Structures are given as C-alpha cells and as structure tokens.
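This report describes one protein chain, its secondary structure and the packing of its parts. The sequence and the model come first.

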Amino acid sequence: MHNTPEKVFLADCPTRLAVEIITEKWAVIVLFALSLEPQRPSKLAELIGGISRKVLTQTLRRLQAYGLVERHAYAEAPPRVEYSLTALGSTLVEPIKVLTDWARDNGEAIVDFQEKKQPWSR
C-alpha cells in the first residue's frame, strides 16, 4: 500500500517513521560510515569524530532495532563486536551518497550565507 501525498507525514504513517529514523542527528553519518565496510564501535567513533560512545551505542541500537544495522559478536578473547548494514540498510547507501554529494557541493554556500547573515557568529 502506498501513501498518498497528503497522508505521507501523518503521525501513524510508516513513511514518517522512516524519515524520523534516518533524520536523527547521527543516523545518516553512522549509516554512511557503515556503508564503507563493517566497523567496530571504536573505529566508528574514530571515523565519525565528535560522537560520544554513549550516543554511538544508542544510535547503533536504534538502527538495529529498525532492521537497518546488524551486530556481529565474535567469540574471541578479547570479545569483538562489529556492525554492518543489513540488506534494508544497504538500500540507503545511494540516497545517502546523493545527500552527501549535495552537502559537499553546497556546504560552503551555507556557511557563507550564515556568516553574511550573522557576522557576529564568527
């Protein structure tokens, strides 16, 4: 069943839930990092930068709970855990690439606009 345009963002709409999941502050960044290869949490934190271990863990658990990320625990000494994208999570790679390309192409313009609009914020 497809959502009609006027109902796509109603409170109980699956489309709205999907948008809310991927627009959480760190979700797209974590998903992008996992699109490169499976990652250990410490490597993810290092790769992303600026994310606390607690927030990273919460983000990974949330993405896992919605079927976008899977956790692999290896029975080794010391124990090792890696996260990777699920098949569903992999469907986000192309949209995230498009968004990343847009951000790369337009990020400087946004910064320039903010600096012109708010010269006191430098």
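Of the 122 residues of the chain, 23% count as buried, where buried means under 20% relative accessible area, exposed over 50%, and partly exposed in between (1.4 Å probe, protein chains only). This is a predicted model, in which local features need pLDDT of at least 70, side-chain atom pairs count only at pLDDT 80 or more, and totals for chains, interfaces and linings use all residues. Residues are numbered from 1 along each chain as its sequence is written, and side-chain values use heavy atoms, with hydrogens and water left out.

The chain holds 6 helices and 2 strands, in the order α-α-α-α-β-β-α-α along the sequence. Helices (H or I, at least four residues) and strands (E, at least two) are DSSP runs, numbered from the N terminus. The accessible surface comes to about 8,800 Å², and 58% of this belongs to carbon and sulfur atoms; such areas come from the Shrake-Rupley method with a 1.4 Å probe, and for residues only the protein chains shown count as cover. Among contacts (heavy atoms within 4.5 Å) between residues at least 6 apart in sequence, 41% join residues at least 24 apart.

| α2 (residues 27-36) | Ala27, Val30, Leu31, Ala33, Leu34 | 160 degrees |

The arc is that of the directions from the helix axis to the C-beta atoms. In α2, Ala27, Val30, Leu31, Ala33 and Leu34 are buried. Because they cover an arc of only 160 degrees, these residues lie on the same side of α2.

Ile48 belongs to α3 and counts as buried at 17% relative accessibility. Not counting residues up to four places away in sequence, Ile48 touches Trp26, Ile29, Val30, Ala33 and Leu56. Just after α3, Gly49 has a positive phi of about 70 degrees.

Phe32, in α2, is partly exposed, with a relative accessible area of 34%. Together with Leu36 and Leu47, Phe32 forms a nonpolar surface patch with about 270 Å² of accessible area. Patches are made of residues with over 30% relative accessible area and no salt bridge; like charges are joined within 9 Å, nonpolar side chains (Val, Leu, Ile, Met, Phe, Trp, Tyr) within 5 Å. A salt bridge is a side-chain nitrogen of Lys or Arg within 4 Å of a carboxyl oxygen of Asp or Glu.

**The β hairpin**

β1 and β2 run antiparallel and are joined by 6 bridges; two strands pair if DSSP finds at least two bridges between them. A hairpin of 5 residues links β1 to β2. Glu70 stands opposite Ser84 in β2. β2 is mostly covered, with 5 of its 6 residues buried.

The loop between β1 (69-74) and β2 (80-85) contains Pro78. The peptide bond from Ala77 to Pro78 is cis, with omega near -5 degrees.
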